[in-house]
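Please walk me through the surface of this protein.

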Amino acid sequence: YAPSELSIVAAASGSPSASVSIHASGANATFTVGQLAKGVAFTTTIVGRVSDSARIGTTDVKVNTTATYRSSPDAVNGRANTTSAISNGIDITGNFSLAASVVSTTIPSITLPSVAVAEVVIVSSAVSIP
């Protein structure tokens, strides 16, 4: 399950291959894996997107993973089990940067950084969004 700050946008079928469905809300993905041989692990990659409504500065956002399985492929004799794991926390930061510099002024005889009263100063600025 993805917390409200994240949504699942893609998920690989994994290894060994499984069917995967992502809930329309992006809050969870379900993988259906066939029988696994003893000692074989199912691995996959899930891609999440930080929500537009997430607040910058939110800390310790975690993803919960739950596996439901049977101890035997025999539905009669196999025991149902569930296990969960929680990811390490991530922090939502706003690593935006802003740069500004004076490009020119309207009185060529005055050298920067000096400017005159009522002189027009032309400034260039740029915002970088990671």
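Leu112 sits in the loop that runs between strand S7 (97-105) and strand S8 (121-128). Strands here are DSSP runs of E with at least two residues, numbered from the N terminus. This is a predicted model, where local features need pLDDT of at least 70, side-chain atom pairs count only at pLDDT 80 or more, and totals for chains, interfaces and linings use all residues. Residues are numbered from 1 along each chain as its sequence is written, and side-chain values use heavy atoms, with hydrogens and water left out.

Buried means under 20% relative accessible area, exposed means over 50%, and partly exposed lies in between (1.4 Å probe, protein chains only).

Leu112 also belongs to a nonpolar surface patch. A patch takes residues with over 30% relative accessible area and no salt bridge, and nonpolar side chains (Val, Leu, Ile, Met, Phe, Trp, Tyr) are joined within 5 Å. Areas come from the Shrake-Rupley method with a 1.4 Å probe, and for residues only the protein chains shown count as cover.

Now turn to the charges. The structure has two salt bridges. Each is a side-chain nitrogen of Lys or Arg within 4 Å of a carboxyl oxygen of Asp or Glu. Arg49 pairs with Asp52, with the closest N and O atoms 3.0 Å apart. Arg49 is partly exposed at 38%, whereas Asp52 is exposed at 70%. Asp60 pairs with Lys62 at 3.6 Å, N to O. Asp60 is partly exposed at 45%, and Lys62 is partly exposed at 38%.

Technical notes
Patch = residues over 30% accessible without salt bridge, like charges linked within 9 Å, V, L, I, M, F, W, Y side chains within 5 Å. Helix = DSSP H or I, 4+ residues; strand = E, 2+ residues; numbered from the N terminus.
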